[in-house]
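Have the model open as you read.

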Amino acid sequence: MESLERQVQQLEENMSHMHVTNPHISEGSVGWHIEHCLLVMISIISALKKSDINSYRWVFNWRRAWIFFTQKIPRGRVKAPKYVDPLHIDPLHVTDLHVTDQCVKDSLAKVHQLLEEMKTLPTKTYFHHFIFGDLDLKDTHYFLRIHTHHHLKIMAELINDDAKARQ
């Protein structure tokens, strides 16, 4: 699996396909998936920065263990929380259920800044995931890579299907 920085670069490369959709593959457009990944990174890294390292407690979580072991998130099992769903976050940046270029560019700039800040955080900073519980810095980084990879695969399917349809 690629580094998080490389995955963000891939998200940027997919911007030229932002309006590609196929409801048989995903409810969201490529743009939705890009913005969702960026919103997840922004919210999680922001939570890491605010965490109290003295409050972190590791607890075994079998769902987390399974996802981390397989490095795969099953499709269609969990709906994105509203605070990381581009269609609910900022209706001004959504037109006809598509995320605008400017919205993604703004989020990308924020993500690049936060990824740099993430490198300086103490190892026991953490955030609380609604399914996996508390994830420390190392596990958070790993989770972000798995999550982004999951959405990059969906985007690749959408883009490849669109290219086939145009032939």
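Helix α2 (residues 30-50) and helix α5 (residues 101-118) pack at an angle of about 35°, with axes 9 Å apart. This is a predicted model, where local features need pLDDT of at least 70, side-chain atom pairs count only at pLDDT 80 or more, and totals for chains, interfaces and linings use all residues. Residues are numbered from 1 along each chain as its sequence is written, and side-chain values use heavy atoms, leaving out hydrogens and water.

| Pair | Angle | Axes apart |
|---|---|---|
| α2 and α5 | about 35° | 9 Å |
| α1 (residues 4-13) and α2 | about 145° | 10 Å |

Axes are lines fitted to C-alpha atoms, for helices over the stretch in contact, and angles run from 0 to 180 degrees between N-to-C directions. Helices are DSSP runs (H or I, at least four residues), numbered from the N terminus.

In α2, the residues that meet α5 include I34, L38 and M41; on the α5 side, V104, L108 and V111 are among them. Contact means heavy atoms within 4.5 Å. By class, this contact has 13 nonpolar, two polar and four charged residues.

Turning to α1 and α2, L4, V8 and L11 of α1 touch I34, C37, L38 and M41 of α2. That contact has seven nonpolar residues, no polar and no charged.

Notes. Helix = DSSP H or I, 4+ residues; strand = E, 2+ residues; numbered from the N terminus. Nonpolar A, V, L, I, M, F, W, Y, C, P; charged D, E, K, R; others polar.
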